[in-house]
2 protein chains.
Amino acid sequence: MVQDWKAKAEAKRQSILDSIPSKWKLDKVPSAQEQRDVTGKYIQQFLDPKEVEITETDAVGIAKQVASGTWTAVAVTEAFCHRASLAHQLVSCLHETFFDAALSDAKALDAYFAEHKKVKGPLHGVPVSLKDQFHVKDVETSMGYVGWIGTFEGKPDDPRKGVYESEMVRELRNLGAVLYCKTSVPHTLMAGETVNNIIKYTYNPKNRNLSCGGSSGGEGALIGLRGSPLGFGTDIGGSIRIPSAFNGLYGIRPSAGRLPYEGMANSMDGQNTVLSVVGPLATTAGSVKLAVQSLLSQNPHLYDPMVVEMPWRQAEEDFIHKQSKSSGLCFGVMKSDGVALAQPPVTRAIDMVVSALEKEGHKVIEWKPTPTHEELSNWIFKSFGFDGGKDLQGAFGLSGEDVAKQVLLPPDAKEFTGTDIAAVNVEQRAAKKKYMDYWNSTAELTGTGRPVDAVISPVAPYAAARPEGYKYYNFTVWVNGLDYTSAVVPVTTADKNKDKYPEGYTPISEADKVVVEDYDAEIYDGAHVSVQLVGRRFHEERMLAAAEYVGSLLGR
Amino acid sequence: MVQDWKAKAEAKRQSILDSIPSKWKLDKVPSAQEQRDVTGKYIQQFLDPKEVEITETDAVGIAKQVASGTWTAVAVTEAFCHRASLAHQLVSCLHETFFDAALSDAKALDAYFAEHKKVKGPLHGVPVSLKDQFHVKDVETSMGYVGWIGTFEGKPDDPRKGVYESEMVRELRNLGAVLYCKTSVPHTLMAGETVNNIIKYTYNPKNRNLSCGGSSGGEGALIGLRGSPLGFGTDIGGSIRIPSAFNGLYGIRPSAGRLPYEGMANSMDGQNTVLSVVGPLATTAGSVKLAVQSLLSQNPHLYDPMVVEMPWRQAEEDFIHKQSKSSGLCFGVMKSDGVALAQPPVTRAIDMVVSALEKEGHKVIEWKPTPTHEELSNWIFKSFGFDGGKDLQGAFGLSGEDVAKQVLLPPDAKEFTGTDIAAVNVEQRAAKKKYMDYWNSTAELTGTGRPVDAVISPVAPYAAARPEGYKYYNFTVWVNGLDYTSAVVPVTTADKNKDKYPEGYTPISEADKVVVEDYDAEIYDGAHVSVQLVGRRFHEERMLAAAEYVGSLLGR
């Protein structure tokens with residue numbers, strides 16, 4: 001059995017590498033010691049100047065260049081297939097490549113453009129990468145499980161195998177996007193790092209001592225290396241935000257029911273207390289917005305029963321822009337949740353954001369919610385264990401493969417009963433109500449006549465986690481438990497000369513002690529540092545506008 | 001124990017009657033044989049002409065008369081307190097009265113109007129009745145359970161007892177509504193009739209051989225007798241629509257998350273697969289619309305975490321009005337769900353609606369969905385039994401009281417596990433998707449370029465059920481399982497001379513046989529007959545406009 005799954009995993013691993021055209025193969029990949037940062041100049045050396053230009057243009061710019069006839073979809077697709085191939089060789093971030101299908105789609109798009117003198121949709125010719133939960137015809141979905149290789153979600157004879165496509169894939173094709181690869185995930189999806197027995201470990205391209213984050217880690221690493229201008233991940237506990245933050249990207253965790261999850265593979269499907277959501281990661285705030293706006297234009301509520309009928313609301317975006325210009329915003333800020341303080345690079349990034357906002361005349365107040373985030377995480381983590389781990393164990397059981405240490409498995413195999421689950425749901429609703437009341441109450445403190453517009457919070461205590469080091473999830477899971485909207489904004493990079501704990505800092509808890517002990521200015525040096533801006537439920541338009549604004553203040 | 005609960009129930013029953021001022025007491029209540037119909041002329045004899053005028057004005061008209069200073073809130077409130085008192089004596093439809101508090105509130109509203117020369121809100125001076133799940137300060141909530149008497153939801157020492165108010169109560173007060181009574185429910189809320197050990201049985205005022213429906217049966221009976229112009233019920237399997245239909249009223253079952261349920265008592269709270277929703281019942285479509293519009297103006301999404309940020313969308317209402325005028329609508333129609341055919345009065349009502357629409361040039365096509373409604377009800381009823389009946393049994397166990405035969409108890413006491421519940425949730429999502437695809441596919445058949453605008457469906461196979469006769473729920477539960485929006489439209493009354501099964505009709509199933517055998521033209525004669533117009537999720541504006549339009553075609 002052991003030989004069996006190891007051989008299967010190895011064969012799959014090799015087949016991914018083999019799918020890379022030989023002209024794009026690297027002779028040698030340096031170690032992290034030899035070459036910590038493989039982004040920027042390092043990866044550029046393997047590309048021609050045109051490829052560099054294309055791949056370092058954001059999705060908004062690509063769409064414009066193709067729509068104006070300056071670039072062809074084929075040229076854009078080829079450049080990204082090349083750069084994605086390099087990225088995978090450098091940090092092991094792909095589960096699937098389908099470059100031939102992508103080039104064929106790109107050709108069809110170019111033909112369409114030539115014939116109709118207009119684009120097929122707002123994403124015409126934009127390459128889009130997908131986390132390996134999306135089903136794409138003629139492409140496998142392993143989700144990092146060896147037992148899923150050669151099957152449809154573990155079922156060998158399912159008629160959907162090889163032919164089925166997730167709803168969002170259909171919409172992306174309608175919009176003119178070019179799909180070309182699927183990216184790595186930690187098996188189970190329940191981890192802040194990306195590791196499985198197929199691709200092994202996806203490292204952070206900016207600092208290969210560190211993790212790219214998880215669970216949409218392949219997306220983070222690939223886009224971080226500009227092997228994709230725009231990709232989609234999912235987030236049940238931070239899985240879009242962590243890789244966005246760790247790779248210096250913008251990303252959004254929308255509220256459940258805003259974007260279509262229909263027809264995607266998932267873990268613990270049917271657990272409907274804390275829902276996994278799907279959302280984009282990209283190199284600019286504008287690209288994330290383009291993705292959300294474009295998808296909403298497809299009326300996803302008519303094709304995914306979980307999606308709410310809520311088109312893009314321009315007035316909501318405009319509201320933030322208007323308040324930005326008139327120094328009319330108020331933010332809450334939280335560097336510690338009362339259990340752990342973020343590490344020095346992250347607290348510095350938060351200070352930078354606060355200073356930038358205050359300099360523009362906006363107000364920032366301390367965020368001290370009730371219930372506390374510790375109270376929230378109690379029932380949030382319960383919801384991940386409703387089935388006592390049965391779904392995850394079932395998936396591992398298909399192959400007998402080893403389970404990565406990073407995976408958050410429920411502590412025991414006891415299933416919750418209907419009564420237990422109902423009690424958690426009631427607790428969740430009460431907590432949401434209490435937190436909502438707290439948020440409303442801040443109208444007394446902001447001076448704007450409104451409650452705070454967004455909360456500035458760490459995504460993780462770390463700039464990026466060290467392998468096996470992602471241990472503290474409470475900075476992200478509160479957003480999932482409450483179903484808020486959160487946009488990640490890249491702020492700076494860790495600096496060993498600046499980022500130090502205050503002299504004589506005493507950890508405020510056992511968890512904080514672990515965070516403090518984890519910190520190493522030398523190892524983290526150069527890593528991306530980001531923050532999240534958390535808004536109320538369905539405040540996607542507002543948070544995207546706020547992210548764009550904060551990014552602009554920081555000169556990004 | 002038995003003596004105990006019987007005495008408690010009897011004392012509560014007596015205390016409701018005692019709360020009625022003696023000047024409003026009836027000397028004698030005739031039997032159903034003596035007086036089948038106690039609405040209209042019968043109840044009017046106990047009121048003075050002004051009281052009749054006021055109580056037979058709809059909520060829209062009342063709001064106008066009070067806003068113009070023609071009527072005082074006090075006069076309106078007194079008239080409805082009087083008529084509600086009569087209604088309770090005739091059909092046993094109230095669990096609580098709080099007339100003194102109502103009159104005091106009405107006085108305050110009149111004083112506000114006198115001082116500010118304007119109304120407090122769009123419901124200024126409109127009496128509103130509430131199903132006995134709403135918490136109102138200084139008023140008990142028994143929800144029909146003897147064991148809840150003297151407690152807060154069964155907890156004797158809960159600090160909320162007597163002081164807590166549900167979120168919608170707060171909003172209704174803000175809007176200027178006058179709250180004055182709470183209406184009867186079947187204990188557990190899980191029945192299409194209204195029966196419990198306190199008020200015994202709420203009969204149908206239009207035909208006292210029959211049930212008023214359930215579970216918002218007290219609302220149906222009270223508004224049917226014009227003892228309230230507007231009330232709120234809840235619906236997890238038909239509980240707003242059945243009493244609306246049985247009492248010749250308009251009512252809406254909105255999609256979950258449109259109106260605020262926050263802070264209400266409920267059965268099986270925390271079961272979040274098929275959610276109970278709250279919505280209005282009233283004598284006119286305009287009144288139902290006024291209630292929904294008014295509540296949405298209160299931004300319930302800021303006070304109830306389950307409510308989606310979706311204001312009243314005037315364009316959606318206008319769309320239906322515009323299509324109505326230009327013969328541009330297309331309806332689906334369903335008289336049988338493939339398992340049971342509605343009884344003759346209901347099929348005639350549906351034919352009347354279809355004829356009226358076709359006469360105006362609208363199109364009506366047969367509704368033949370996949371999955372079938374039988375397939376849907378399979379998992380819908382499972383969701384009601386996730387806790388194996390523990391919640392209901394716990395509530396009964398508080399007093400040891402007898403359980404009414406009509407109550408839908410789960411067949412056994414086995415709880416579902418986390419895995420079982422997840423499987424039902426996945427089944428639900430798949431069914432919603434398939435049904436949605438069917439709905440979309442009708443665009444090929446309508447000739448309007450759109451899928452059908454609404455589906456005309458029976459609410460129940462019966463015009464109104466005979467006591468212990470409500471047995472077939474499949475005409476309502478599909479709407480709950482799929483979370484669609486449904487508005488009830490009163491159509492006609494049963495007519496023993498017209499309403500007969502087709503010669504030689506053969507039942508199509510065992511369930512249909514029970515429906516056929518239940519039919520008795522003599523007993524049902526004169527009962528209200530209604531239909532429901534079912535729209536897609538969150539189509540409240542459209543269904544209210546459609547209900548208003550169809551009602552107007554029928555001359556209601």
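**Figure 1. A:Ile236 sits buried in this predicted model, at a relative accessible area of 12%.** That puts A:Ile236 under the 20% cut-off for counting as buried. Look for A:Ile236 in the loop that runs between β6 (230-235) and α9 (241-246) of chain A. Setting aside neighbours within four places in sequence, A:Ile236 is in contact with A:Met190, A:Gln271, A:Val274, A:Leu275, A:Ser276, A:Phe384 and A:Asn480.

Figure 2. How buried is A:Gly238 in terms of relative accessible area? The value comes out at 0%, so A:Gly238 is buried. Leaving out neighbours within four places in sequence, the contacts of A:Gly238 are A:Gly214, A:Pro243, A:Thr476 and A:Asn480.

**Figure 3. The "binding site" in the UniProt record takes in A:Leu189, A:Ser215, A:Ile236, A:Gly237, A:Gly238 and A:Ser239.** The UniProt entry behind this label is unreviewed. These residues span 51 residues in sequence, yet no two of their C-alpha atoms are more than 10.6 Å apart, so they gather at one spot.

**Figure 4. The "active site" in the UniProt record is made up of A:Lys131, A:Ser215 and A:Ser239.** Here too, the annotation comes from an unreviewed entry. The three residues span 109 residues in sequence, but no pair of their C-alpha atoms is more than 10.7 Å apart, so they gather at one spot.

**Figure 5. A:Lys131, in strand β2 (residues 127-131) of chain A, gets a view of its own.** A:Lys131 is buried, with a relative accessible area of 0%. Which side chain does that of A:Lys131 join in a polar contact of 2.6 Å? The partner is A:Ser215. Beyond neighbours within four places in sequence, the contacts of A:Lys131 include A:Lys182, A:Thr183, A:Glu219, A:Phe232 and A:Ser239.

**Figure 6. A:Ser215 lies in the loop between β5 (200-201) and α8 (217-224) of chain A.** With a relative accessibility of 1%, A:Ser215 counts as buried. The side chain of A:Ser215 reaches the backbone oxygen of A:Leu189 at 3.4 Å. Not counting residues up to four places away in sequence, A:Ser215 touches several others, among them A:Lys131, A:Ser184, A:Pro186, A:Thr234 and A:Ser239.

**Figure 7. A:Asp58 is buried but has no salt bridge.** The nearest side chain of opposite charge belongs to A:Lys64, 7.2 Å away. A salt bridge needs the charged atoms within 4 Å. What does the side chain of A:Asp58 make polar contacts with instead? One is with the side chain of A:Thr284 at 2.6 Å, and another, of 3.3 Å, is with that of A:Ser287. A:Asp58 itself is in the loop between α3 (49-55) and α4 (59-67) of chain A.

**Figure 8. Helix α8 (residues 217-224) of chain B is largely enclosed by the rest of the structure.** Among the buried residues of α8(B) are B:Glu219, B:Leu222 and B:Ile223. Just after α8(B), B:Arg226 takes a positive phi of about 60°.

**Figure 9. Chain A superposes on chain B by a rotation of 180° with 0.0 Å of shift along the axis.** The RMSD is 0.0 Å. The two copies are thus related as by a two-fold rotation axis. Of the residues of chain A, A:Thr417 comes closest to that axis, with its C-alpha at 2.3 Å. Both copies use the same surface, and 100% of the contact residues of chain A recur in chain B.

Conventions:
Residues numbered from 1 in each chain as written. Chains lettered and ligands numbered in written order. Predicted model: local features only at pLDDT ≥ 70, side-chain atom pairs only at ≥ 80, totals over all residues. Heavy atoms only, no water. Helix = DSSP H or I, 4+ residues; strand = E, 2+ residues; numbered from the N terminus. Buried < 20%, exposed > 50% of the residue type's maximum accessible area, 1.4 Å probe, protein only. Lys, Arg positive; Asp, Glu negative; His and termini not counted. Polar contact = N/O pair within 3.5 Å; in protein donor to acceptor, adjacent residues only side chain to side chain. UniProt positions renumbered as here; feature names shortened; annotations may be inferred. Contact = heavy atoms within 4.5 Å. Least-squares fit on C-alpha atoms with pLDDT ≥ 70 in both.
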